Amino acid sequence: MNIVYLLVPLIWLDGLAAGNDPWRAYLTWILGLSGVVVIASVYLFGLKQPSIVHPSVLALVAGGWFCVSSLPTFLN
């Protein structure tokens, strides 16, 4: 999960660096997808009891994480 914590500031900086250029804002999706892959792999392979979190809750967590991380991109 440390990679997810490191991707949040990276997505913030990516959003701030994009400025008003919409083509650079698309690079945020690449970072978001890598974070979602990490969250999904921890869910699939890292939990000892896979029935703790329902897959729809996991999707909401990953989507919420990406929305909070992409806030500077959305503001521009």
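A residue is called exposed when its relative accessible area is over 50%, and buried when that area is under 20%. The model is predicted. The protein chain holds five helices and zero strands, in the order α-α-α-α-α from the N terminus. Of its 76 residues, 30% count as buried.

**Nonpolar core**

- The largest nonpolar core has 10 residues: Leu7, Val8, Ile11, Leu31, Ile39, Tyr43, Leu58, Ala62, Trp65 and Phe66.
- At least two residues of this core come from each of α1 (2-18), α3 (27-46) and α4 (55-69).
- The greatest contribution is that of α4, which supplies four residues.
- In soluble globular proteins, nonpolar side chains tend to be buried together.

**Helix α4**

- With 15 residues, α4 spans 21 Å from its first C-alpha to its last, close to the 21 Å expected at 1.5 Å a residue.
- Its buried residues are Leu58, Ala62, Trp65, Phe66 and Ser69.
- Viewed down the axis of α4, these buried residues lie within an arc of 95°, so they line one face of the helix.
- Among them, Leu58, Ala62, Trp65 and Phe66 also belong to the largest nonpolar core.

**Helix α3**

- The 20 residues of α3 reach 28 Å from first C-alpha to last, close to the 28 Å expected at 1.5 Å a residue.
- Buried in α3 are Thr28, Leu31, Gly32, Gly35, Val38, Ile39 and Tyr43.
- These residues take up an arc of only 135° around the axis and therefore sit on the same side of α3.
- Leu31, Ile39 and Tyr43 are also listed in the largest nonpolar core.
- Turned away from the buried side, the opposite face of α3 carries Ile30, Leu33, Val37, Leu44 and Phe45, which are exposed.

**Surface patch**

- Trp23, Tyr26 and Trp29 form a nonpolar patch on the surface, and together they have about 450 Å² of accessible area.
- Trp29 counts as partly exposed because its relative accessible area is 47%, a class that lies between the buried cut-off of under 20% and the exposed cut-off of over 50%.

Notes: Residues numbered from 1 in each chain as written. Predicted model: local features only at pLDDT ≥ 70, side-chain atom pairs only at ≥ 80, totals over all residues. Heavy atoms only, no water. Core = buried A, V, L, I, M, F, W, Y, C linked by side-chain atoms within 4.5 Å. Buried < 20%, exposed > 50% of the residue type's maximum accessible area, 1.4 Å probe, protein only. Patch = residues over 30% accessible without salt bridge, like charges linked within 9 Å, V, L, I, M, F, W, Y side chains within 5 Å. Areas by Shrake-Rupley, 256 points an atom, 1.4 Å probe, with all protein chains shown as cover. Salt bridge = Lys/Arg side-chain N within 4 Å of Asp/Glu carboxyl O. Expected span 1.5 Å × (residues − 1). Arc of directions from axis to C-beta.
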